[in-house]
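This briefing is meant for a reader who is meeting the structure for the first time. Please keep the sequence and the model in view while going through the points below.

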Amino acid sequence: MTVTFYVPRDSGALALGAEKVARKFQAEIESRNLDARIVRNGSRGLYWLEPMVEVETPNGRVAYGPVKASDVAALLDNGIAEGRVHPLWLGLTDQMPFLAKQTRLTFARCGITDPVSLEDYRAHDGLRGLENALKLTPAEIVAQVTESGLRGRGGAGFPTGIKWKTVLDTKGEQKYIVCNADEGDSGTFADRMIMEGDPFVLIEGMAIAGIAVGATRGYIYTRSEYPHAIAVMNEALDVARKAGVLGASVLGSSYAFDIEVRVGAGAYVCGEETALLESLEGRRGIVRAKPPLPAHKGLFGRPTVINNVISLASVPVILDRGAVFYKDFGMGRSRGTIPLQIAGNVKHAGLYETAFGLTLGEIVDDIGGGTATGRPVKAVQVGGPLGAYFPRALFDTPFDYEAFAAKDGLIGHAGLVVFDDSVDMLKMARFALEFCAVESCGKCTPCRIGSTRGVEVVDRISANIEPEKQIEVLTDLCNTMKFGSLCALGGFTPYPVMSALTHFPEDFRPAPSTHFAAVAAE
Amino acid sequence: MQSASTDIAARAIGIIDQLKGKEGPLLPILHELQDEFGYVPQETLPLIATALNISRAEVHGVFTFYHDFRDHPAGRHVLKLCRAEACQSMGGAALADRARQLLGVDWHGTTPDGAVTLEPVYCLGLCACAPSAMLDGEVIGRLNADTLEEIATEVRL
């Protein structure tokens with residue numbers, strides 16, 4: 001019987017040497033004349049164990065990791081083909097605690113299937129959502145999505161069904177589905193993992209969206225920093241077109257739908273939906289004033305659904321298992337599951353999909369296992385560069401859109417970056433403002449000017465020039481940026497700045513020794 | 001024999017003609033030109049403007065807005081180091097300082113021998129194996145001082 005080895009092609013695994021491991025396996029299989037094949041899967045999301053190699057056994061898949069190319073020969077000598085024990089042996093993949101405790105709905109196939117095999121996709125319940133959607137009227141599909149309680153996973157948390165209904169109800173000869181895959185937030189990689197590990201689920205979700213609102217054309221706008229995601233996505237699109245999943249007749253129906261990948265050019269602000277639309281149209285990524293909403297006048301002025309990758313990739317399971325099934329997960333108004341991305345200085349860094357409601361402490365300490373350096377956790381930035389820094393004192397906050405908002409934070413795209421006690425929060429506040437200054441599109445004054453002035457004010461604080469007065473100015477400036485900016489870049493930069501200032505005031509005051517020296521000198 | 005500039009123009013027109021039928025063709029054209037030449041030759045901007053029936057100023061505005069596009073060739077290698085928060089939490093800032101010291105250039109700079117250009121990047125999506133970098137399109141995770149030194153030596157060979 002042919003043995004199947006799985007060596008991920010996810011860029012996180014590649015960054016840790018997966019390509020060399022795969023080449024070594026191939027060479028050993030040939031020289032040993034083994035009846036074996038290698039599948040290049042996505043990542044299971046356990047990055048501290050990447051490259052994580054798996055082998056199919058009669059009892060299920062067995063994992064080994066982290067595997068180096070120099071380990072391959074010994075693994076084969078030792079009987080990896082039968083799933084035998086070895087120092088890198090991790091047991092049955094499905095029983096690994098990090099995976100066993102997850103609720104994988106959106107990421108059900110990621111890391112399991114061959115990302116560009118449509119047969120594999122179908123064998124793991126793929127396309128069932130789209131097949132169900134084809135039996136419904138557009139209004140019924142939209143009702144299902146609304147009923148599921150799905151909210152935009154890009155960060156804003158707007159109900160996806162309501163967005164779709166607006167586009168459905170808007171007349172237009174040409175409508176568009178635009179997938180926002182411009183995942184620029186540090187600490188987030190869920191979009192990348194889906195595009196590299198299960199691209200068909202995104203294609204299926206976009207096709208369902210197209211049928212639901214009457215759009216025939218879709219664009220996936222992603223980042224030039226993601227070359228592997230672009231390559232896998234394009235491969236999958238070719239396969240989907242040849243198989244009739246996309247094209248003039250979606251799965252033999254009367255609906256037409258096709259998708260093209262478009263690549264940004266290193267502008268963070270293009271993750272903002274209206275800047276993204278401008279960029280897609282071939283212009284500078286300058287934020288548009290709303291209204292008009294993209295649902296009414298979006299891409300090329302036409303009715304447009306613009307959703308994040310994870311929102312769209314969550315639609316197939318909703319149409320497959322039903323809105324009620326999905327809605328049963330979660331808490332309050334945050335329904336379903338959320339792929340947490342645990343990153344930075346953390347022992348068990350990776351992707352963890354679970355129902356809303358875990359506390360921040362459970363995520364960082366229990367699932368993440370504390371810091372990688374072994375030092376105490378000082379702060380966790382939740383929601384990307386525009387998200388707030390949370391201290392340990394707020395570790396009882398449940399992961400939920402409203403609960404985080406109540407603590408002056410946001411869950412954003414659900415990325416968490418952990419910092420140990422060596423971090424200087426004044427520097428992080430400065431970085432947030434500096435980043436905003438570099439990436440501002442320049443359209444509105446609070447963001448364009450405020451960010452630069454903010455850096456100067458923070459520099460005066462660190463130089464101990466009238467710090468109390470500067471802190472007052474900084475607070476006022478943040479207030480102006482928060483309420484006066486056109487989009488989330490200027491509007492949310494105050495979150496990291498003010499949370500650093502509020503929760504870590506000691507980093508903004510001169511050290512006691514300098515202070516006493518100053519007093520003594522007077 | 002054709003001069004270098006007419007050669008660039010001919011190749012650019014080929015690319016522009018091939019892509020101008022797309023919806024919103026400007027970014028795809030600029031990307032393709034940069035792939036072809038390693039940078040976007042400034043003499044191609046008026047050609048784009050004519051083909052797309054937009055002003056030269058508009059093309060210039062788009063070209064300058066995006067960090068990716070360059071108006072002159074990069075070094076033989078391009079090293080991108082992530083400066084974003086997740087990489088900072090794992091010592092990225094110190095590595096960035098070390099890289100600038102090892103190569104003797106600042107951000108966006110190219111070494112005098114033309115071997116390597118150093119670029120900052122804000123997130124490669126490798127935040128679970130930080131600090132990260134990209135060398136000529138190849139991703140590198142858990143970068144440390146030793147690997148950085150190897151890279152700095154390798155790119156100059």
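Predicted model: local features only at pLDDT ≥ 70, side-chain atom pairs only at ≥ 80, totals over all residues.

Which pattern does chain B follow when read along the sequence? Chain B follows the pattern α-α-α-α-β-α-α-β-β-β-α, and its elements amount to 7 helices and 4 strands.

**Chain B as a whole**

- The C-alpha trace of chain B spans about 50 × 35 × 25 Å along its principal axes, and 39% of the 157 residues of the chain count as buried.

**Where chain B meets chain A**

- On the side of chain B, 34 residues are in contact with 43 residues of chain A.
- The elements of chain B that give two or more residues to this side are helix H2 (26-37), helix H4 (56-65), helix H5 (85-88) and strand E4 (138-140).
- The residues with which chain B touches chain A divide into 21 nonpolar, 9 polar and 4 charged.

**Helix packing in chain A**

- Helix H8 (residues 160-169) of chain A packs against helix H10 (residues 199-213) of chain A at an angle of about 45°, and their axes are 8 Å apart; that angle makes H8(A) oblique to H10(A).
- This contact is made by A:Trp164, A:Val167 and A:Leu168 of H8(A) together with A:Ala209, A:Ala212 and A:Val213 of H10(A), and its residues divide into 6 nonpolar, no polar and no charged.
- H10(A) also packs with helix H13 (residues 309-321) of chain A, at an angle of about 80° and with the axes 7 Å apart, and the two helices H10(A) and H13(A) are therefore roughly perpendicular to each other.
- Residues that make the contact of H10(A) with H13(A) include A:Val201, A:Leu202 and A:Glu204 of H10(A) and A:Val309, A:Leu312 and A:Ala313 of H13(A), and the residues of this contact divide into 11 nonpolar, 1 polar and 1 charged.

**The nonpolar core and buried parts**

- The largest nonpolar core has 216 residues, and those with the most contacts inside it are A:Val178, A:Cys179 and A:Ile203; the largest share of this core, 11 residues, comes from H10(A).
- Not counting residues up to four places away in sequence, A:Ile203 touches A:Ala236, A:Leu237, A:Ala240, A:Val245, A:Leu246 and A:Ile259.
- Helix H12 (residues 273-280) of chain A is mostly covered, with 8 of its 8 residues buried, and what covers them includes strands E6 (176-181), E7 (217-222), E8 (258-263) and E9 (304-308) of chain A together with H2 of chain B.
- A:Gly197 is found in helix H9 (residues 190-197) of chain A and counts as buried, because it has 26 C-beta neighbours inside 10 Å, where 20 or more are needed.
- A:Gly197 and A:Phe107 are 90 residues apart in sequence, and their C-alpha atoms are 8.8 Å apart in space.

**Local backbone features**

- Most residues other than glycine have a negative phi, and most peptide bonds are trans.
- In chain A, a cis peptide bond joins A:Glu50 and A:Pro51, with omega about -5°, and A:Pro51 is found in the loop between strand E2 (36-39) and strand E3 (53-57) of chain A.
- The peptide bond from A:Lys290 to A:Pro291 is cis, with omega near -5°, and A:Pro291 is found in the loop between H12 and E9 of chain A.
- Just after H12(A), A:Gly282 takes a positive phi of about 95°.
- B:His108, a residue other than glycine, has a positive phi near 70°; B:His108 lies in the loop between helix H6 (92-103) and strand E2 (116-121) of chain B, and is exposed, with 12 other C-beta atoms within 10 Å.
- B:Cys123, also a residue other than glycine, has a positive phi near 90°; B:Cys123 lies in the loop between E2 and strand E3 (133-135) of chain B, and counts as buried, with 29 C-beta neighbours inside 10 Å.

Technical notes: Residues numbered from 1 in each chain as written. Chains lettered and ligands numbered in written order. Axes fitted to C-alpha atoms, helices over the stretch in contact; angles between N-to-C directions. Parallel < 35°, antiparallel > 145°, perpendicular 65-115°, else oblique. Contact = placed C-beta atoms within 7 Å. Nonpolar A, V, L, I, M, F, W, Y, C, P; charged D, E, K, R; others polar. Core = buried A, V, L, I, M, F, W, Y, C linked by C-beta atoms within 7 Å.
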